[in-house]
Amino acid sequence: MADTYVGSIDQGTTGTRFMVFDHSGEVVANAYEKHEQIYPEPGWVEHNPVEIWENTKEVVTRGLEEAGLEATQLEGIGITNQRETTLVWDAESGKPVHNALVWQDRRTTDRVEELEAEGKVEWIREKTGLEADAYFSATKTEWILDNAEPLKLESSRTQDLRDRAREGELLMGTIDAWLIYNLTGEHITDVTNASRTMLFDIHEMDWDEELLAEFDVPAEMLPEVRPSSDENYYGHTDPDGFLGAEVPVAGALGDQQAALFGQTCFDAGDAKNTYGTGSFYLMNTGEEAVESDHGLLTTVGFQMSGEPVQYALEGSIFITGAAIEWLEDVDLIDNAAQTAELARSVDSTDGVYMVPAFTGLGAPHWDGRARGTIVGMTRGTKKEHIVRATLESIAYQTRDIAEAMEADSGVETTSLRVDGGAVKNNFLCQLQADIIQTDIARPEVDETTALGSAYAAGLAVGYWDTIDELRSNWQIDREFEPEMAPEEANRMYGRWDDAVERSLDWAQEE
């Protein structure tokens, strides 16, 4: 009999990846495709959901072909996704009524400020564990239902979108639900993605009627919420579809929870930081939903079939890897790998600080009107200083979160597991260890987001029997210990708050 594997669709902010893993968690297939970033207005970010689905089919097909695998060798498929990115589509035709609004999109900042003025922020936080912010799906869904007029009028049905939603003709979801729908025909999301919508009560573990009323989102358009690893399966791929095989789709996790799972952070106190477009620092808090007093989010970490929910504290940093992409966009670097060489070529930033608040600031500041800022420049400032300041901004933002995490949880972090594209940069990993004065552990498989969703699906279909098997798969590639004196780290970090202060509340006109 041919060997069998588990597949993972990793649908991220900038592209879609398909990976296949074996029993030891090793990668046996890998294919990737970028998709277009659409910026209709300043602060607005959209994706074309149809392009994402076409790219998904392409990478799954190509990944299997290049590895010489048959779809029938997949025992299950897991999905992980950019979390809060939101779309609404026609239940019958599957056609989106508007582009997806990306998690970075700030167009609903005014609506969030209304909630703040009405004193509803604490009410929302108590139910959802989230800050009231344009980041989450609630105001995005509300906006689409209010504003998707041009596309609505292309159809023969000209009645109000909300009426159509109440009649079950329109469906809403995050990208995981969109992919599950296209793969299986079922309208399902998992607990982690539901917890990021600002419509879901993380204590009752159900959609909240009062929140649905606040944002005027009809309950009929919402997906069914299932465990992250589901022995009942979300559905099967169509044997007559693009895969040509009936494969169980059995696991889904929002990308950051998937990385937590892939890093085998199964116990309370385990923490990881993922460096992608943004950075997301999560700590498992066990079966207790720990409330934050320091600007962190309380969120669902994961849920296994038949088991209680595991919660997490999260620090969401909107821009880290995307700041390196910006350096490339403005021709300060040719490629990301160059940043380490340029940063090393100078001893310091010469007092330059870069705050990459291109789409506002997330935790712990939560300012949707903050914007990117470079301060401290002189006539002697060179591109090397700006590149180094950009890498340092990633480390400073992570220290902001690490300090908030310790204050909220009472747990001192002695080692931080890291993953994501940016951790291939040894200079950044060492800098991070120095700035937060904590050991950094980089695993051998750094695509832990895809690995986590594969683990969730594989456990559901019995490919792996226990999480202990997964723990034994986790191997360290390299550890970084602090080399900088604590006094020097504190001195550098000391001016960071001053720089952040200058970026706040900048985008008055948007």
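In this predicted model, arginine 399 is in contact with Ile435, Ile436, Ala489, Asn490 and Tyr493, when its neighbours within four places in sequence are left aside. Arginine 399 belongs to helix 13, which spans residues 383–409, and with a relative accessible area of 10% it falls under the 20% limit and is therefore classed as buried. Two polar partners were identified for its side chain: the side chain of glutamate 403, with which it makes a polar contact at 2.9 Å, and the backbone oxygen of isoleucine 435, which it reaches at 2.9 Å.

Helix 13 also contributes to the second largest pocket, where helix 13, helix 17 (486–494) and helix 18 (496–503) are the elements that give two or more residues to the lining. The volume of this pocket is about 270 Å³, and of its 19 lining residues, Thr349, Gly351, Tyr353, Arg491 and Met492 are the closest to its centre. By class, the lining comprises 9 charged, 6 nonpolar and 4 polar residues.

A further element examined was strand 16 (residues 279–286), of which 8 of the 8 residues are buried, so that the strand is largely enclosed by the rest of the structure. Ser279, Tyr281, Met283 and Thr285 point one way from strand 16, whereas Phe280, Leu282, Asn284 and Gly286 point the other way. Strand 16 runs antiparallel to strand 15 (residues 271–275), to which it is joined by 5 bridges, and the two strands form a hairpin with 3 residues between them; within this pairing, serine 279 is the bridge partner of tyrosine 275. Strand 16 is likewise antiparallel to strand 18 (residues 310–317), with 7 bridges joining them, and here asparagine 284 stands opposite alanine 312.

Conventions:
Residues are numbered from 1 along each chain as its sequence is written. This is a predicted model: local features need pLDDT of at least 70, side-chain atom pairs count only at pLDDT 80 or more; totals for chains, interfaces and linings use all residues. Side-chain values use heavy atoms; hydrogens and water are left out. Helices (H or I, at least four residues) and strands (E, at least two) are DSSP runs, numbered from the N terminus. Buried means under 20% relative accessible area, exposed over 50%, partly exposed in between (1.4 Å probe, protein chains only). A polar contact is a pair of N or O atoms within 3.5 Å; within protein, one must be able to donate a hydrogen and the other to accept it, and residues adjacent in sequence count only if both atoms are side-chain atoms. Contact means heavy atoms within 4.5 Å. On a 1 Å grid over the protein atoms alone, a cavity is a set of points where a 1.4 Å probe fits but cannot get out, and a pocket is an open set with protein on both sides within 12 Å along at least five of seven lines; lining residues have an atom within 4 Å of a point. Grid points are joined across faces, edges and corners, and a volume is the space filled by probe spheres set on the points. Ala, Val, Leu, Ile, Met, Phe, Trp, Tyr, Cys and Pro count as nonpolar, Asp, Glu, Lys and Arg as charged, and the others, Gly among them, as polar. Two strands pair if DSSP finds at least two bridges between them.
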